[in-house]
Amino acid sequence: MRHFFSMFLLLAIIGLHVSVQSTRRPSDWSLNADYPSLLTVSNGMKWGSWGHKSMCPSGMYAAGFSLKVEEASHAFHDDSSLNGIRLHCVNPSRKSSGSYGRYASIESDVGHWGEWTDIKWCPSGFLKAFQLRVESAQGAGDDTAANNIRFSCSDGFLLQGDGTAWGDWGDWSPKCKGKGICGIKTRILEPQGFFGDDTALNDVQMYCCE
């Protein structure tokens, strides 16, 4: 009887281990991979701290994006503008933008304000480089930091987000050395309270995969 109980306990432990492994999130498989390139731009602002790295599920690449944007106010208000960037990942077997019914969405840290815009998709291929629109420090004025983003697709098509118009476009990041963008990390300033100046998203980095 004791031998039977021991065998039963061992099988239960093995079964539990298999169950835990099978429920691992797909995005976890890519977190410790090697990346051909890390894409950055030079005009991002320095307020806030870098959030977590978020990766497409293994074998998938970003072919579209959407933004979380606080619309510009027309009265005295602490505008934060761009609050978040969401990447939408697809399998390379996707034929064209007309067949993106199944995709996985990823995001790094996100600010507290605004609404998500509609997804913008590459007609074919994947996101390969980006450009950030940033407002420099305003002194006694209202700072907004990052305001909008553009992406270039592997087919040469350019996508521009529905952000706000403050600031200027900086230089483009380098292009991915791999197949396309597969991950993201954002720099976010947490809410600063009644007397502070909220800027939300300040900078972003993109990861590329083979």
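These are my notes on what I looked up in a predicted model of a protein chain.

**Ground rules.** I number residues from 1 along each chain as its sequence is written. The model is predicted, so I take local features only at pLDDT of at least 70 and side-chain atom pairs only at pLDDT 80 or more, while totals for chains, interfaces and linings use all residues, and side-chain values use heavy atoms, without hydrogens and water.

**Confidence.** I looked up pLDDT, the predictor's confidence in each residue, from 0 to 100. The protein chain averages 79, and 71% of the residues score at least 70. I then went through the elements, which are DSSP runs numbered from the N terminus: helices (H or I, at least four residues) and strands (E, at least two). Over residues 1-29 the pLDDT stays under 50, and the model has seven contacts (heavy atoms within 4.5 Å) beyond four places in sequence for them. Where pLDDT is low, the predicted coordinates should not be read in detail.

**Sheet.** I traced an open sheet of four strands, in the order β11-β10-β9-β12 with antiparallel pairing; two strands pair if DSSP finds at least two bridges between them. β11 and β12 (168-169) are the edge strands, each pairing on one side only. Strand β9 (residues 127-134) pairs with β12 over two bridges, and V134 has D168 in β12 as its bridge partner.

**S152.** I found S152 in strand β10. S152 is buried (under 20% relative accessible area, with exposed over 50% and partly exposed in between; 1.4 Å probe, protein chains only), at 8%. Leaving out residues up to four places away in sequence, S152 touches F126, L127, K128, A129, F157, L158 and W172.

**Cores.** I checked the nonpolar cores, sets of buried Ala, Val, Leu, Ile, Met, Phe, Trp, Tyr and Cys residues joined through side-chain atoms within 4.5 Å. The largest has 34 residues, of which I85, L87, L127, I149, F151, I181 and M206 touch the most other members. Strands supplying at least two residues each to this core include β5 (82-90), β9 and β10 (146-153). A second, separate core of nine residues includes Y61, W121, F126 and Y207.

**G44.** I placed G44 in the loop between β1 (37-39) and β2 (49-50). G44 is buried, with a relative accessible area of 8%. Beyond four places in sequence, G44 touches V134, N202 and D203. G44 and R133 are 89 residues apart in sequence and 8.6 Å apart in space, C-alpha to C-alpha.
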